[in-house]
Amino acid sequence: MAAPTVTVRVEDVKGSHRLAIGAGLGVAAAALTLLLPVTLLWLALYNPGGFFRLNTLLVQTITLLVLAGAILFLLSLFLYRRGFAVLRGVDRRFTVASALCLVGSLGFLLILVAVVVILGSTGSLLTCIQGQPSHALSCLRSGQPLGAYTALVGFWLGWLGGVGIVLGLASAGRRFSRGILYGSAALYAILLLALVGPFVGLIYPVPGAQYLLLLAPILALVAPALAYGGARRPPATIVAG
């Protein structure tokens, strides 16, 4: 009886490569959209001085960072979706993940529109916040309702895209036998749960919702970093010879 031979399928190589690129973009997007804005905001509120003051310049800087990060998130989701779409050709378990990532892409397009709208009203938002981080979400809703609700719809569609990433990475972990991809999927799932509170707070007050934003940047950086580590090596598929 012939011994099993190890071969690398083209679809697996392409899919893994695109997942790695998507994960790398996800790390950069998390830094721009969550880590830097949250850091700047908390420095301005609790250790003000120099540039770190809650003024129009800082709010505009944070908004531009979110805009750039949303573009990178959109590209990240696109690469994740392309990776899952390629793998779907050899494994139907990636079908739902690919479809949800497409929905998530539409969500981030709405977020981009919302950020552009919000850029025009940073002065009123700044006056409303008045040094309290817990006021930021309610100020956005009252001062710029169009931007707030567009962002809210975009968030939930993007959230569904995140579910697609979780499902896809879990399937990739099973297909490639890589525990690190399972770990990445788990952290993405925790991140999705951590993000629910602050965005629900746009409509209904959620006690302590602002503190969940402190956890989100860490998860948003580590989750795609693990995915990158698990997907950057070309996978091997065992085929009976």
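Leaving aside neighbours within four places in sequence, which residues is S98 in contact with? The contacts of S98 are R81, F84, A85 and R88, where contact means heavy atoms within 4.5 Å. S98 itself sits in helix 3, which covers residues 95-119. With a relative accessible area of 6%, S98 counts as buried; the cut-offs are under 20% relative accessible area for buried, over 50% for exposed, and partly exposed in between, using a 1.4 Å probe and protein chains only.

A word on the model comes before the rest. The model is predicted, with local features needing pLDDT of at least 70 and side-chain atom pairs counting only at pLDDT 80 or more, whereas totals for chains, interfaces and linings use all residues. Residues are numbered from 1 along each chain as its sequence is written, and side-chain values use heavy atoms, with hydrogens and water left out.

On to the overall fold. The protein has 8 helices and 2 strands, these being DSSP runs numbered from the N terminus (H or I and at least four residues for helices, E and at least two for strands). The protein has 241 residues, and 46% of them count as buried. Among contacts between residues at least 6 apart in sequence, 79% link residues at least 24 apart.

Helices 1 and 2 make a pair worth a look. Helix 1 (residues 10-46) packs against helix 2 (residues 56-88) at an angle of about 165°, and their axes are 7 Å apart. Axes here are lines fitted to C-alpha atoms, for helices over the stretch in contact, and angles run from 0 to 180 degrees between N-to-C directions. That angle makes helix 1 roughly antiparallel to helix 2, since angles over 145 degrees get that label, while those under 35 count as roughly parallel, 65 to 115 as roughly perpendicular and the rest as oblique. The crossing of helix 1 past helix 2 is left-handed, meaning that the near helix is turned anticlockwise from the far one by less than a right angle (clockwise would be right-handed). By class, the contact of the two helices has 27 nonpolar, 8 polar and 5 charged residues. In that scheme Ala, Val, Leu, Ile, Met, Phe, Trp, Tyr, Cys and Pro are nonpolar, Asp, Glu, Lys and Arg are charged, and the others, Gly among them, are polar.

F73 belongs to helix 2 and is buried, at 19% relative accessible area. Although 44 residues separate F73 from A29 along the chain, their C-alpha atoms are 5.4 Å apart. Apart from neighbours within four places in sequence, F73 is in contact with G26, A29, A30, T33 and F108. K14, in helix 1, is partly exposed, with a relative accessible area of 45%. Its C-alpha lies 9.2 Å from that of R82, 68 residues away in sequence.

V153 is part of helix 6, residues 145-176, and is partly exposed because its relative accessibility is 45%. From V153 to A114 the C-alpha distance is 9.9 Å, across a sequence separation of 39 residues. S177 falls in the loop between helix 6 and helix 7 (179-200). A185, in helix 7, is by contrast buried, at 5% relative accessible area. Not counting residues up to four places away in sequence, A185 touches V166, L169 and A170. A185 and G164 are 21 residues apart in sequence, with 9.9 Å between their C-alpha atoms.
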